[in-house]
Amino acid sequence: FCPFSLFLQKCLVIIIFDSQRDSEMAGVVHRHHHFARRGYRQRVYVERTKPLEQYTTEELYVRLRFGKADIEYLVNLLRPKLQHRTQRSHGLSVEDQILIALRFYACGTFYQVVGDYMGVVKSAVCDVVRDVSITLASLVNEFVSFPKDNQIAQAKRSFFLLWNMPNTIGAIDCTHVHIQAPLKWPGSVHDARILRESALYRDLQTNRPDGIILGDSAYPLLPWLMNPFLTANTPAQARLNSAYCRARCAIERLNGVLKRRFACFNYLRAEPQKAWNITLACIVLHNIATKRNVPLCADNDAPEPLGDPNQPPASRTNKQHCSLTDEQIKLKPYE
């Protein structure tokens, strides 16, 4: 055994080790310069707001339209479809997504404003509103339905006891929601045409319901659709028109309640398909709020109108004869 040979082996090991270390260091330097050329910046994660910890239930009603227990119900309801598989890149939890979407629905303001309020970027708000709206819209058949069987009998009884209108199962009306103009429909459309284009019209024409639906003079007179006398020539016709107007107040008040609870309906800066999903999402949320007895609080936190001359003013509902509670105007459209 030669000591000089051992010395050479040690030197060889040291040389190999140092070369490997130099190679690793060179790789680090190379990656540093590579990211520097691409303008790479290290991500900085901002602490997000926690409304459920910061506000009382009453304050949550004002800011999000739902209380803590109601938000927990929504989290459990939507978790299967909104839960991320991993927490990569500090992904938003289901609770955070719902809080962001509720804030948008309640205010209807710009995504940037909602993001600043919730502590997330604008693009995240856009993605969250899209995902939560699609998820809620997918539940429309579970929370929204046309009256059937025992519900029809209950509806007839309610209309007769409240307004002396016999054989009535519901009321119909339209409301304008300002969105980005689609190609096929460049502006507002007449109520009668909206009805003719709907699945409700096709179904009721084929399967006539056991009762009548109250419409205004904009709608045609059909076996299942009634409208008032244009001119009351007799006392009986005058009494009918009076009872008819009081009964139709249910649908008019409902449109006002929807726009008051969800200020996003004042002006949806969205293309038609996204606006459709947002509308269905708010309708589902309204029925959930009705079922859970969520109060309709004073609108103290909604943004003021933007003053856009192309933006229609917020709808105002005549409440002179409107004495219904939220439970009595549970929304039941058909799709």
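Predicted model: local features only at pLDDT ≥ 70, side-chain atom pairs only at ≥ 80, totals over all residues.
If you ignore the neighbours within four places in sequence, glutamine 237 touches Phe229, Thr231 and Ala232.

Next, α4, residues 68–82. Here we get a kink of about 35° at asparagine 76, and it comes shortly before proline 80. Which residues of α4 are buried? They are Asp70, Ile71, Leu74, Val75, Leu78 and Leu82. As a reminder, an α-helix has 3.6 residues a turn, so residues three or four places apart point the same way. With that in mind, look at Ile71, Leu74, Leu78 and Leu82, which are among the buried ones. As for what lies over them, the cover on the buried residues of α4 includes α2 (51–54), α3 (57–64), α5 (94–107), α7 (122–137) and α13 (272–291).

Now the rings. The model has four aromatic pairs, and there's one aromatic cluster made of Phe104, Tyr105 and Tyr111. If you want to describe a pair of aromatic rings, you give the distance of the centres and the angle of the planes.

We also have charges sitting over rings. Arginine 103 has its charged end over the ring of tyrosine 117, 4.0 Å from the centre. Arginine 63 lies over the face of tyrosine 55, and there the distance to the ring centre is 4.3 Å.

Last stop, backbone angles. Aspartate 149 has a phi near 50°, which is positive even though the residue isn't glycine. You'll find aspartate 149 in the loop between α8 (140–143) and α9 (150–163). Is aspartate 149 buried or exposed? Exposed: its relative accessible area is 67%, and the cut-off for exposed is over 50%.

Asparagine 164 also has a positive phi, near 60°, and again it's not a glycine. Asparagine 164 sits in the loop between α9 and β1 (168–171).

That's my tour, thanks.

How values were computed:
Residues numbered from 1 in each chain as written. Heavy atoms only, no water. Phe/Tyr/Trp six-rings, centres within 6.5 Å; stacked < 30°, edge-to-face > 60°. Lys NZ or Arg CZ within 6 Å of the ring centre and 35° of its normal. Contact = heavy atoms within 4.5 Å. Bend = angle between axes of the 7 residues up to and from the residue. Helix = DSSP H or I, 4+ residues; strand = E, 2+ residues; numbered from the N terminus. Buried < 20%, exposed > 50% of the residue type's maximum accessible area, 1.4 Å probe, protein only.
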